[in-house]
Amino acid sequence: MIAPAKPDLVTVNIDGKEIAVPKGTNVIEAARLVNVDVPHYCYHPKLSIVGNCRMCLIEMGMPAVDPSTKAAIMDPATGKQKINWIPRPQIGCGTNVSPGLHVKTLSPMVKDAREGVMEFLLINHPLDCPICDQAGECKLQEQATGYGRGYSRFIEQKNVKPKRTQLGPRVTLDDERCILCSRCIRFSKEIVKDDVLGFVDRGSYSTLTCYPGKKLENNYSLNTVDICPVGALTSSDFRFKMRVWFLKQTNAIDTESSVGANTVVWSREGVIYRITPRRNDDVNDTWLADSARVLFKAVKASDRLTAIKINGTDGALDVAVNAAAELFKSNSAPGAIAVVGSGRSSVEEQFLTRKLADALKASTQLVSRVGQGDQLLISADRNPNVRGALVTGLITALPFGELTGLGAQIDAGKVKVIVAINEDLAAAGLTSAQLTKVSVVYLGSHFNASSAAAKVVLPTLSPFEKSGTFVNQQFRIQKFFKAVPGPVGATDDLMVLAKLVTAAAGLTLPAEINALWKVIAAEVPALGTMAFANLPETGLLLDATPFAALPFAEGETLHYKPAQPAVAAATA
Amino acid sequence: MPAPAQRRIIFQHIDEPGYTNDIGCYVRNGGYEVLKKAVGRKPEELIDEVKKSGLRGRGGAGFPCGVKWGLVDRKSGKPIYLIVNADESEPGTFKDRYIMHQDPHQLIEGTMISCFANNVKQAYIYIRGEMPHGARILEKAIAEARAANFVGPNILGTGYSCEIFVHRGAGAYICGEETGLIESLEGKRANPRIKPPYFPAVLGLYQCPTIVNNVETLCHVKYIAEHGGEAYSKIGTPGNTGTRIFCVSGHVQRPGYYEFPAGTITMGQLLNEVCGGPLPGRTFKAVIPGGSSAKILRFGERFKGKRKVGAEMLDYDWGVEDVPMDFDSLGMIGTMGGSGGVIVMDDTVNMVEALANINAFYSHESCGQCTPCREGSLWMKKISSRMVHGLARPEDAALLKSVADQIPGRTICAFGEACSWPTQSFIAKFGDEFKQYSETKKTAKPEGAHELV
C-alpha cells in the first residue's frame, strides 16, 4: 500500500499495482506510470479524445459499496473490498481515473478484445510492410506482434482505395494503409486550425482526403506524418529513401527561431535523412514546423565553405589565425575592431566570442533577425539564441534593425577590422563600399558576400555538425548534439574561436565543450551550477529577471506568453 | 385465447376516412386542447406525470422517458434543446412515418408539451433523408401551428416561446443514434460520440443539455398530458405501460401496423389472428420481433425460466407464439421489443440469404468511425455474400459467429450490437442451414424468386 493520496491525487489499481495519479489522468497515461502498456492508435496525448480505434479496451471495476449504507462490501475470499467489474470492456483513453478505480489490462476479456480489434484492423490493411516506409516504427506492426493472433482468417477481397494521393506539397497518402484513427484530422483542426482533412464515404470504405479544392499545405503538415500510427501518411521527401532502423538518432534543437523546438536528427553514415520533433511538453509538445525539417539540406549545399582562405589564397588554420592576429595587432586602437556575433551561434560560441571581443577591446553587436511569428512554433525572433548572447554578456541590449551604427563608424574611419561570425554583413545592412573599407575576418559555414570580401575566411560547422546549447525565448537552455561530421576543410567553431582568443590575448581556452563549460560555469553567474553533461534533455529554465525589462520581439507562441516572461526556476 | 382488441391511442386517426393532415381537421378532432391546458400548468407537474406514466421510449432501447428527462442538466444555465428523432430507419419499422404523414399535428402538439415541460425554447425534428414528403408535411403543419400561435413566440399568450425546425437527414441509418444525430444536426459527419462524457442530457447539441425523443414517444406524452400519468400507467402491463405499435411485415396474410396495450398480446395472437396467419400452404419459420437488429426467434424453440409477476416469481415455458409482446418479456427470451418492427419469415426463406441481406444493410450503414463495427460489419457481409454468390464453406458459420462475437460491447454506439446480433442469432438458431448451405445452393430457385442482394 502507498501513503494516503494528496487531495489532487487519485489512487488507482492497475493490474494489482497501486499508484496515485493526478485527477484527470486517463487510464492509458496512468498505466504508463506503472510501466503497463495499453496499446492504442487514435489516442494522442496532445489531441482530443475520440475513442474510435478501440485498441485501448481495458477491464474496469469500482470498489463495491452497499447502495443504502455506503459501507464497503468486503470479499470474504480475499478479505479486501469487493470490486464490481464492468462486464463490458471500456476504452482506456476516454476513461479518467477516479478514486479506487481498478483496471485489468491482462485479463482474458482484454486479450480477446485486443485480438479482435487487431484482426479487424489488419483485414483490409495491405500488409505491405516490406515496401512501407513506416516499417520499423509502425504501431500496427508492433501491436500486431504484441497483441495480435498471428494468423489470418480473412479470405475475402480486401478493399481497394487510392494508393498515392498527394495531400499537399510534402505529404503523400496511401489510403489502403489508413486505419481511420483521425489523428491527422484532429491535428489539422485543433493544433494548426487548418481544417482541411476529412473522411469521405462510410464504413470500411471511409477514405481520408482533403476537402475539395484544399490542400494540406500548412507549415505543420508533416506532423500528420509523425502522428500517423501507420504508413498511410508519408513524407514525400523521406519516402522510399531509407529504412528507419538504419538511422542514428541525435537530439537537436530547431534553429529557425527562438522557440527552440526539440528535434531528433536521423542520419546514417554522415548523411542526414530527416528531422522529426522530440517531445518537450514545455516547449513544442510533440510538434515541429515543416520548415524546420528541411534545414539539414543546407549541410550538403554547394555553397558550403570548405577552404581556409587568407587574402584569397588557400592556407592552413594556424596560418589563417596568425594572419588574423596580425590584423588585430595592427589595429589595436580601442574601437578599431568590431565583432559581429550571431544569435545563431551556440552559448559556448557566444561565450568565446565575448572573450575574443574583450581581448580585442572590440565593440560587439548581434544581427537582428525579426520576422513574423506564427503563434505556434515559429516566433518573431528568427535567431535561436539571442538570449544566450545576453546571458553570456556578449551583448547587453537587444539587436535592432540593420548594422547602420557600425556602417557609420566604418565611414568615419573608426572601425578598421570586423570579425564576422556566421553573419553576412552585407545582408545585415553594410554596403559593399563599406565592406571594402574594412578588413573582414569571417567565420562561417556558407559562402556569402562577407566571406567573398573577407581577408581571412575560416570555414566552420553547421549546427548539425557540432554540439552546444541554445537559450530559447523562455530562457530555457537546451542542448543539441553533433549528428554528422563536418566537411573536410571546416573546423569546429569553438576551436577557431579558441585559437583566435589565444592569438589575440595569449589566453588559452579549451575548445572541447565539457572543458569549456567549466570555464563558462566559473565566469557566467547564471550558468554557475551547470555542466554541459548534466543539462537535462528537455532543458533547464534560467533566471530571466535580469532581462525582464528588455523589449523582446516575440509574440505569443505555444507555451510562451511574452507579457509574463519565464520566471526563474531552480537551477540546481 | 383470442387476441385482445386493438386500442389505438396514437394511431387513432391513421387511415381514418376523411381525416386530413391539416390543422383544421386536427382541431376539429379536439387537437391542441391538451397543449392549451398544459401551458397553464407547472412544467414540473408535466414531468411528474410522465414519470408516473412509466412511459418507455419507443425508438428501440425502451429507456424510461421520465428518467431521461430527469437526467437533463438544468443547472448549467445553458439552453435545453429537444430533438425529435424522426430518423426512422430500422428495417421493418414504419410507424413514425404514418404519424408524420397523416397526423403531423399530433407530433407537434406532443413536442410542444414536452418542450414546455422541459423549458425548451428550440426544438428540432430530425427527419430521415428518405422521407422528403414527410418533411414537407411537417413544414406545412408547423407553419399552420405557428399561424395559430401553438408554435413560435408567446405561445397562446403565456409568454412562453418555442420554435420547431425541421432538419432533413441525408440518408444515413446512423443518424438515428442520438449522438450521431446530434453531430449531423450540428452539420458534421454523423459519427456517434463517446459516452462518457457526451451524454446528450448534459453535453448534447452544441454542447448543451439535449433531450432526444422518438416521434411516437412524444405522441404518448401528449396522451399522458391529456389523461394523466396514472391513467396511462394502467394501460398495458406494469413496467410496460401504454400501447405499442407493431409494424408487421413479411410472410403473413395481413401485414401492417397494429396498436395494442403493451404486453397484452402474444406473438402468436398477433401473427395468427391479427395478421391472419401464414400465407396459404406455408408455415412460419422465424420472426424478428423488434426491427432487423433484434435477435431472431425460431418457431419451435422453447424459452424456459422464471419471471416476476406482481410480487412473485413464476415459471414460464413459452414457445415463440406464447411470448407477450412487451419490452421485458422479449428481453427475457434474449431478443428485444426494439422499435416494434416485426419481420416474419416463412419456410420459403433461406436463412443464409436473409442474413446476407441484413449484413449488406448494416455494412453499408456503419459510419466507419470505430474499428470493430466498421471492419466487422463489412467482413460479415463479405462472408455472407460470398456464401450466397460464390463459394460457401462449411466452416463459414463458425467464422461468421466468431467475427460477430468480436463486435458487440466494444464499439462507441449500439450499432455494434445492431450489426452483430442478427449474425449471432441466425447462426445460433439456424446453424445447420449455414453449415449445409453449400449443398442447399445447388437446388434450383423457385420460379419468380427475387434476385438476391
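What share of the contacts in chain A with a separation of 6 or more is accounted for by residues 24 or more positions apart? The share is 65%. The legends below describe views of a predicted model.

Figure 1. Chain A contains 14 helices and 24 strands. Taken along the principal axes, its C-alpha atoms fill a box of roughly 90 × 55 × 40 Å. Of the 572 residues in chain A, 54% are buried. Contacts between residues 24 or more positions apart make up 65% of those with a separation of 6 or more.

**Figure 2. Overall view of chain B, with 17 helices and 13 strands.** The C-alpha trace of chain B spans about 70 × 50 × 45 Å along its principal axes. The radius of gyration of chain B is 22 Å, which agrees with the value near 22 Å for a compact globule of 453 residues. Buried residues account for 60% of the 453 in chain B. When contacts in chain B between residues at least 6 apart in sequence are considered, 69% join residues at least 24 apart.

**Figure 3. Packing of helix α8 against helix α13 in chain A.** Helix α8 of chain A covers residues 347-360, and helix α13 of chain A covers residues 493-505. Their axes come within 9 Å and cross at roughly 15°. Because angles under 35 degrees count as roughly parallel, α8(A) is roughly parallel to α13(A). The crossing of α8(A) with α13(A) is left-handed. By class, the residues of this contact comprise 11 nonpolar, one polar and four charged. From α8(A) the contact includes A:Glu348, A:Glu349, A:Leu352, A:Thr353, A:Lys355, A:Leu356, A:Ala359 and A:Leu360. From α13(A) it includes A:Asp493, A:Leu494, A:Leu497, A:Ala498, A:Leu500, A:Val501, A:Ala504 and A:Ala505.

**Figure 4. Packing of helix α2 against helix α3 in chain A.** Helix α2 of chain A (residues 108-123) and helix α3 of chain A (residues 139-147) have axes 10 Å apart and pack at an angle of about 140°. The two helices, α2(A) and α3(A), are therefore oblique to each other. Their crossing is left-handed. On the α2(A) side, A:Arg114, A:Glu115, A:Met118, A:Leu121 and A:Leu122 take part in the contact. These residues meet A:Leu140, A:Gln143, A:Ala144 and A:Tyr147 of α3(A). The residues of the contact of α2(A) with α3(A) divide into six nonpolar, one polar and two charged.

Figure 5. B:Thr371 counts as buried because its relative accessibility is 0%, and buried means under 20%. Neighbours within four places in sequence are left aside in the contacts described here.

**Figure 6. Cis peptide bonds at B:Pro196 and B:Pro197.** The peptide bond that joins B:Lys195 and B:Pro196 is cis, with omega about 0°. The bond from B:Pro196 to B:Pro197 is also cis, and its omega is near 5°. B:Pro196 is in the loop between α8 (178-185) and β4 (210-214) of chain B. B:Pro197 is likewise in the loop between α8 and β4 of chain B.

**Figure 7. Positive phi at A:Phe240 and A:Asn311.** A:Phe240 is not a glycine, and its phi is positive, near 65°. The loop that holds A:Phe240 lies between β11 (233-235) and β12 (248-253) of chain A. With 57% relative accessibility, A:Phe240 counts as exposed. A:Asn311, which is not a glycine either, has a positive phi of about 50°. The loop of A:Asn311 lies between β15 (309-310) and β16 (313-314) of chain A. A:Asn311 counts as exposed at 56% relative accessibility.

**Figure 8. B:Val67 in helix α4 of chain B.** Helix α4 of chain B, where B:Val67 is placed, covers residues 65-70. B:Val67 is partly exposed, with a relative accessible area of 42%. The C-alpha atoms of B:Val67 and B:Gly54 are 9.1 Å apart in space, and the two residues are 13 apart in sequence.

Notes: Residues are numbered from 1 along each chain as its sequence is written. Chains are lettered from A and ligands numbered from 1 in the order in which they are written. This is a predicted model: local features need pLDDT of at least 70, side-chain atom pairs count only at pLDDT 80 or more; totals for chains, interfaces and linings use all residues. Side-chain values use heavy atoms; hydrogens and water are left out. Axes are lines fitted to C-alpha atoms, for helices over the stretch in contact, and angles run from 0 to 180 degrees between N-to-C directions. Helices (H or I, at least four residues) and strands (E, at least two) are DSSP runs, numbered from the N terminus. Angles under 35 degrees count as roughly parallel, over 145 as roughly antiparallel, 65 to 115 as roughly perpendicular and the rest as oblique. A crossing is left-handed if the near helix is turned anticlockwise from the far one by less than a right angle, and right-handed if clockwise. Contact means heavy atoms within 4.5 Å. Ala, Val, Leu, Ile, Met, Phe, Trp, Tyr, Cys and Pro count as nonpolar, Asp, Glu, Lys and Arg as charged, and the others, Gly among them, as polar. The radius of gyration is taken over C-alpha atoms; the globule rule is 2.2 Å times the number of residues to the power 0.38. Buried means under 20% relative accessible area, exposed over 50%, partly exposed in between (1.4 Å probe, protein chains only).
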